[in-house]
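Subject: Handover of a structure and the findings

Dear colleague,

Please find below the structure that I am handing over to you.

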Protein chains: 8
Amino acid sequence: DFAKIDLERHQRTGYPEVIYGQGKSIEQIVQIMRDLKQAGQTILVTRVSKHQATGILKQFPNATYHATGRCLTDVSQTPPLTSSTIAILTAGTTDIPVAEEAAVTAELYGNRVDRIYDVGVAGLQRLLANIEVVRKAKVVIVIAGMEGALVSVVGGLVNKPVIAVPTSVGYGTSFKGVTALLTMLNSCAAGVTVVNIDNGFGAAYSASMINHLGGKNGD
Amino acid sequence: DFAKIDLERHQRTGYPEVIYGQGKSIEQIVQIMRDLKQAGQTILVTRVSKHQATGILKQFPNATYHATGRCLTDVSQTPPLTSSTIAILTAGTTDIPVAEEAAVTAELYGNRVDRIYDVGVAGLQRLLANIEVVRKAKVVIVIAGMEGALVSVVGGLVNKPVIAVPTSVGYGTSFKGVTALLTMLNSCAAGVTVVNIDNGFGAAYSASMINHLGGKNGD
Amino acid sequence: DFAKIDLERHQRTGYPEVIYGQGKSIEQIVQIMRDLKQAGQTILVTRVSKHQATGILKQFPNATYHATGRCLTDVSQTPPLTSSTIAILTAGTTDIPVAEEAAVTAELYGNRVDRIYDVGVAGLQRLLANIEVVRKAKVVIVIAGMEGALVSVVGGLVNKPVIAVPTSVGYGTSFKGVTALLTMLNSCAAGVTVVNIDNGFGAAYSASMINHLGGKNGD
Amino acid sequence: DFAKIDLERHQRTGYPEVIYGQGKSIEQIVQIMRDLKQAGQTILVTRVSKHQATGILKQFPNATYHATGRCLTDVSQTPPLTSSTIAILTAGTTDIPVAEEAAVTAELYGNRVDRIYDVGVAGLQRLLANIEVVRKAKVVIVIAGMEGALVSVVGGLVNKPVIAVPTSVGYGTSFKGVTALLTMLNSCAAGVTVVNIDNGFGAAYSASMINHLGGKNGD
Amino acid sequence: DFAKIDLERHQRTGYPEVIYGQGKSIEQIVQIMRDLKQAGQTILVTRVSKHQATGILKQFPNATYHATGRCLTDVSQTPPLTSSTIAILTAGTTDIPVAEEAAVTAELYGNRVDRIYDVGVAGLQRLLANIEVVRKAKVVIVIAGMEGALVSVVGGLVNKPVIAVPTSVGYGTSFKGVTALLTMLNSCAAGVTVVNIDNGFGAAYSASMINHLGGKNGD
Amino acid sequence: DFAKIDLERHQRTGYPEVIYGQGKSIEQIVQIMRDLKQAGQTILVTRVSKHQATGILKQFPNATYHATGRCLTDVSQTPPLTSSTIAILTAGTTDIPVAEEAAVTAELYGNRVDRIYDVGVAGLQRLLANIEVVRKAKVVIVIAGMEGALVSVVGGLVNKPVIAVPTSVGYGTSFKGVTALLTMLNSCAAGVTVVNIDNGFGAAYSASMINHLGGKNGD
Amino acid sequence: DFAKIDLERHQRTGYPEVIYGQGKSIEQIVQIMRDLKQAGQTILVTRVSKHQATGILKQFPNATYHATGRCLTDVSQTPPLTSSTIAILTAGTTDIPVAEEAAVTAELYGNRVDRIYDVGVAGLQRLLANIEVVRKAKVVIVIAGMEGALVSVVGGLVNKPVIAVPTSVGYGTSFKGVTALLTMLNSCAAGVTVVNIDNGFGAAYSASMINHLGGKNGD
Amino acid sequence: DFAKIDLERHQRTGYPEVIYGQGKSIEQIVQIMRDLKQAGQTILVTRVSKHQATGILKQFPNATYHATGRCLTDVSQTPPLTSSTIAILTAGTTDIPVAEEAAVTAELYGNRVDRIYDVGVAGLQRLLANIEVVRKAKVVIVIAGMEGALVSVVGGLVNKPVIAVPTSVGYGTSFKGVTALLTMLNSCAAGVTVVNIDNGFGAAYSASMINHLGGKNGD
Ligand SMILES: Nc1ncnc2c1ncn2[C@@H]1O[C@H](COP(=O)(O)O)[C@@H](O)[C@H]1O
Ligand SMILES: Nc1ncnc2c1ncn2[C@@H]1O[C@H](COP(=O)(O)O)[C@@H](O)[C@H]1O
Ligand SMILES: Nc1ncnc2c1ncn2[C@@H]1O[C@H](COP(=O)(O)O)[C@@H](O)[C@H]1O
Ligand SMILES: Nc1ncnc2c1ncn2[C@@H]1O[C@H](COP(=O)(O)O)[C@@H](O)[C@H]1O
Ligand SMILES: [Mg+2]
Ligand SMILES: [Mg+2]
Ligand SMILES: [Mg+2]
Ligand SMILES: [Mg+2]
Ligand SMILES: [Mg+2]
Ligand SMILES: [Mg+2]
Ligand SMILES: [Mg+2]
Ligand SMILES: [Mg+2]
């Protein structure tokens, strides 16, 4: 009896319990998925390796493995789609796995998502060329590794809440994402809040809550 | 000509430039306030010592110094009040200065605020006795030093975005707020985002953006 | 002559020397086990990999390998069982290996153990549903990774000594258990003491000493 | 209404709420003391400066300020004294303030205390000359700064739970107690648990819980 | 005979020994200045407090104290002025003391300097409005505290070497400049090199070497 | 559409976008190389493993893999060679891979390079025997791991800008290059600027900018 | 020409250049060994893996690989043996590889060595039983991981210089030897100096210098 | 009875207990001095402020306060002077207080001392001009802050044990001596051992032990 699944969470917070896949055996994940499924809840497993996914899919052939975002979903009931959007930006190409974890999460919860990838500040014109899409979003997720400067530039250009996700991309003094995290916590642009390194899921979860505020479908 | 005031910020982001008081001379602050005033903008100066405040108030007698929250305001035009609220919680008594920085900021930007102070998890019944006020807020700010565990408990009980503010309250391995920050970044409750240590202002700024989403007055 | 086994430890401290398996060759472990066995002492080897265990069991076929808790025991003489209990709690499912190291150690030393796993604070009702079992224990071990907030909540609800074990479960700024450790050291609930990251053995050792105080069988 | 005093804590945990003095104004402390007094509870304020103490004593002339341990007590009802003892050891002379915080706390809660100060391992014979007093204690508190090695030596010589308190005594790489803390967490002697740097109060609180286990007066 | 002044340094490196004022007594500084003066060398003392300056100026009435940049100069022979320039940028107003240390150093060594202060990325238009002055410099010094993102934006817009100076401006996780330093070391824009926190002098020294390369007066 | 290649960078900064190979799939690198090639730009991919290189060379048989420096080049048009030189020094033999990343980068951009390897300060005569070659360079790159002391000695002997590259060579408290980095940032010799750990590319990029200043071919 | 071997080192410091094996290819090591051999110098290669050793021994069949201490020697001329001794102590069994690196180094340089292993402070009687051998040594090397407390106890019992070597043995907050290092640097016993984590070689090198002081053969 | 003075230390280790003055009251120091005096032992108090010294000298008018080295001595019996010497080097002028703590300690214990101050590597010729004095010493103490590179250069030039003392001189990333400490622990020159930051006393204590080895007066 290794797990006490929090089946009331959906009722308490509006979202079902999410399974953190890392460090769990395939058997443990499958067992928890069974219990959630039986309770009629939508399933999201994060940090799922290719190996774990293969094992799980044998038991849940209707589930979907999102390889880039390393997560696995099994939808019980498709939620209505918001008319407002969440914009998801990355600074570089190697930040995309974290962005996809965020995107899959956000879409699972019924959010319209705009992906704007590889617009880091070393080539500012790339961001400026896409700024209107960013500006019309209801909430913006900015994902960056290395020095994470993209967050401050975006924060200074939009009038919407910005959720920053540091990634472990980089080497040497990037310290596996700590540098990007510190940059984001100290952003000179107000309106920025931050989540743990590589936590695309957490950023999307908060963004979804925000995107659903204020009316039906988040409008 | 030491400062290039960002007078267009109000138009770009919906909020005027805010003055960071720490490390600035009274003369520098007064000069920047003059420029903002002339542009008709509401003024907020954060991290203002009693000494700085006295000097500034001589030049701006209509400004207000909020001693507990160490900030100073000069309102050009009172914004309409939101009908939805921001709940501001603290774990202990010594976290209140940071909470007041947040409360003053939020109220300045037209938000209705509910203060729920000294409800740390060592005496859980204090939080549970106030949980309904927290639950009806549109966004929740949780402020805590020491080990910062209050954030995870609140995050598990509400279905609204939670913004966590670590404070420098504590000693020894509290490391001037770093421990509380790490706790908050690793919260097992989803829906939590975090700002810099003691950054009550930043939390309120993001909360205000969220509270104003979705209709007139944030409804 | 690589080891000077501390055969008098049992007499000095009430407990025999325990073998720390990590970094030792199978030959070294087997040799030390032989010496302990010959002295008639109960054997506990901690941090034993599956590979090491297989090698050891060939020489000590009557020993038991506890796979989840990664430790190996060979009991010389079963101690009397305490009537009082040690409660062992975990915040999540992935903390269970550390909990089992603690449980095996505690049971080896004759303690009655109650396992209460996966009761982290994100779903507080799970802890509250089990609080009576926790309250009737003589000493409580709380095991948690990520942000470790469970310790403070438990510490505020019981009137018994709480021993906290941070685990290396988590990612990014969990810093392999350092964040949970810091949380626990700064707990706002008094009555909490802490051991090294993942040190289930050490927690159970102290808990056993406490559980045996005050009368026969720890009553 | 800055504080929500936890008057039920005494009933829940056996000990009343303790006031953490650092960072609180004299007025705040006095106000909380009034509420505790009115509820008939024994008062302990920790981390009280000489300046704060003077202000408080004007309002509570029957309270006692323990200058070396920087804490203040006002006893409502003297508890029965345990027959078993808590031994409190320090490595050096400069660790004594932390030891006195522990001793005052332990005595306030009715524990018999043995003080054995300045027995650091550089002069091992000092510890050995006092080891019998240590051995007959029911629980041992070891307090040390610098490299904190005393804990491991004591841990190897006694068969009782050891609670270790690192102190901020030292310079350079003592890092204000972090080095002693790390030493204690990694003690090669089992049976050691650790509290925050300079947290004499917390060590005594846990020790008191243990000393009271197992029969009337902790016998 | 406390100091061995390196009088040959001018000949070896093109620049005389510079006196680091912090931690030296007025007498020590004056004595070293005498020796340099006697050798006919231009004098620069950095990190000079107002108190030290007053004492030194009594002995060297022709010296100049640059209060904002906290340094003191005594020119033996004015060098020819470069036609090319060094651009010195700051992100905020509170970074100006470090910028002035750089500017005074650069001007002392005969460099033309352009000051462009308070152009942080939260208000990007301020930088863009000044970008032509930056672009025509031969080398650019970028000075920023907090998250230091200005460096990456500038690095992506110019085709000249950029020397980045982190400052200790900020609070909480700015860690007295460490965060800005890490940002700068990990800049996604190539062509950026970094000096120690608050080291305006060192940045200007390198910039001067670069500005003097390639022809008379650095042209 | 995973990448937004910055084709205008060459025009803006004088250098084309460089591909950071680490963490990218062979397909991603090949795709970006195609776009750069089509735009007629010279290609540099850094941090390319042997495995990645083999895959890329199948698609770009005319490209060159520099195994020691772990980078890959495909030259569109050979730039004119500078008459001035960049000197590249290493302290030890194991620093050579970083040095070769620098050398390949510098040569790709048309710089004459002098390699002076294995001249660490433990055998000072090796540096002194080569000091004239170092002194006639226009800019000097010093590469060292462990304690990185070579930088200060070189900085005191030359009158040219020194760019320091810490390497991750060492063990224990070398902390994968952090110690060498700190040494270099605190060099008592002025005229030293620093790049990220193991960032031979970045050092060469800045050095190339400096070497090209001041006239045709950097003269 | 990747290496500039320091053949004069023997003459300058009394000891030949030692090869640091980690990170070097077999070819590089063999080449340097050839040059040293040709110069008639005794060869020591440290941090040699089994794989490297096999490759090297093919070229140098008369060399000896010391597997436990992971080093390789090729003696040109056996030095006279000192009559005084170096005592080498370890706290545990897993510290022995570092101790053997020290022992091989010391013996190579002609020192008489006494090995006293597994005498950590958790069982103090093991040290006391061997203290006379320790006391008659001319210099003592103490090697310990985890909390490293053995150093302070030894330092307080002997009147000879103690060289402390922290090892990376341990887990969690042992931080791969950093905790033991900090313990040793802060030892309350005077007369202790420290080397890098796992640096058995360096400790033996210094100890050999000391053991050879003061007369023929170190007497 | 706050202190248990270790009067047997002189007999056990050859040196009497030394009083660590920091954090002790004048009364405490005077009391310990009385006990030592009565036992006929030579007294050394380290880290004594001017204020403490004034108070102590009133009770011990024959004691000497060494203001630069912040220590106080009271000699019971002058030891014979060694014929061999300890060389004490500093990199800069601001390192002298630590050097004087070392020099006073060494001279108190009867060692001949050579002071060679302000010979940092930025001006290498200063060291080379004094190298013969360094070479004829029996043991060398090198004291440096900032980047501490002097140690490696000296270590490569002499054939005697080198004891390195990092100092807290510097700013920014010098981290109050941690950078110099790390440099010294990772010195590429063998034969270097290290003590705590600013621990001139400890370095001299070890050096004295070494200087006294091998015959009468350390010859
Ligand atoms: N998992 C563990 N964590 C911490 N200490 C342990 C553990 N297992 C054994 N020990 C201790 O490690 C010591 C044995 O170390 P060794 O001599 O290396 O075998 C014993 O004194 C045990 O008390
Ligand atoms: N010296 C101390 N160290 C750690 N915790 C303390 C200390 N003194 C009091 N406390 C705890 O701090 C809490 C009170 O915090 P507050 O509400 O800020 O007064 C109580 O729950 C006490 O258990
Ligand atoms: N080895 C390297 N170190 C640091 N930055 C690099 C390196 N190689 C390429 N870059 C930079 O990384 C950026 C490309 O990042 P990406 O979009 O992920 O390919 C380019 O702007 C380069 O200037
Ligand atoms: N400056 C110093 N640095 C390090 N240790 C010292 C220093 N001065 C004295 N000590 C040591 O500190 C111990 C005295 O500590 P205490 O009992 O607090 O006086 C003695 O054993 C000395 O060897
Ligand atoms: Mg890109
Ligand atoms: Mg409270
Ligand atoms: Mg769970
Ligand atoms: Mg003492
Ligand atoms: Mg500004
Ligand atoms: Mg070499
Ligand atoms: Mg052992
Ligand atoms: Mg000097």
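This is a predicted model: local features need pLDDT of at least 70, side-chain atom pairs count only at pLDDT 80 or more; totals for chains, interfaces and linings use all residues.

Residues are numbered from 1 along each chain as its sequence is written, chains are lettered from A and ligands numbered from 1 in the order in which they are written, and side-chain values use heavy atoms, with hydrogens and water left out.

Ligand 2

Fourteen residues surround ligand 2 (a residue is near if one of its heavy atoms lies within 4 Å). The closest include Tyr171(B), Cys188(C) and Arg9(D). The site is shared between chains, because the surrounding residues come from chains B, C and D. A polar side-chain atom of Lys24(D) lies 2.6 Å from an oxygen atom of ligand 2, and a polar backbone atom of Cys188(C) is 3.4 Å from an oxygen atom of the ligand (a polar contact is a pair of N or O atoms within 3.5 Å). The protein covers 91% of the 510 Å² of accessible area that ligand 2 has on its own (Shrake-Rupley method, 1.4 Å probe).

Ligand 4

Ligand 4 has 14 residues around it, and Tyr171(D) and Thr46(H) are among the nearest. Residues from chains D, G and H surround ligand 4, so this site is also shared between chains. A polar side-chain atom of Tyr171(D) lies 2.5 Å from a nitrogen atom of ligand 4, and a side-chain N or O atom of Thr46(H) is 2.7 Å from a nitrogen atom of the ligand. Of the 500 Å² of accessible area that ligand 4 has on its own, the protein covers 91%.

Chains C and D

A sheet in chain G

Four strands of chain G form an open sheet of mixed pairing, in the order S1-S2-S4-S3 (strands are DSSP runs of E, at least two residues, and pair if DSSP finds at least two bridges between them). The edge strands are S1 (19–20) and S3 (64–66), each pairing on one side only. S3(G) pairs with S4(G) (residues 71–74) in the antiparallel sense over three bridges, and His66(G) stands opposite Cys71(G).

Yours sincerely

Methods. A polar contact is a pair of N or O atoms within 3.5 Å; within protein, one must be able to donate a hydrogen and the other to accept it, and residues adjacent in sequence count only if both atoms are side-chain atoms.
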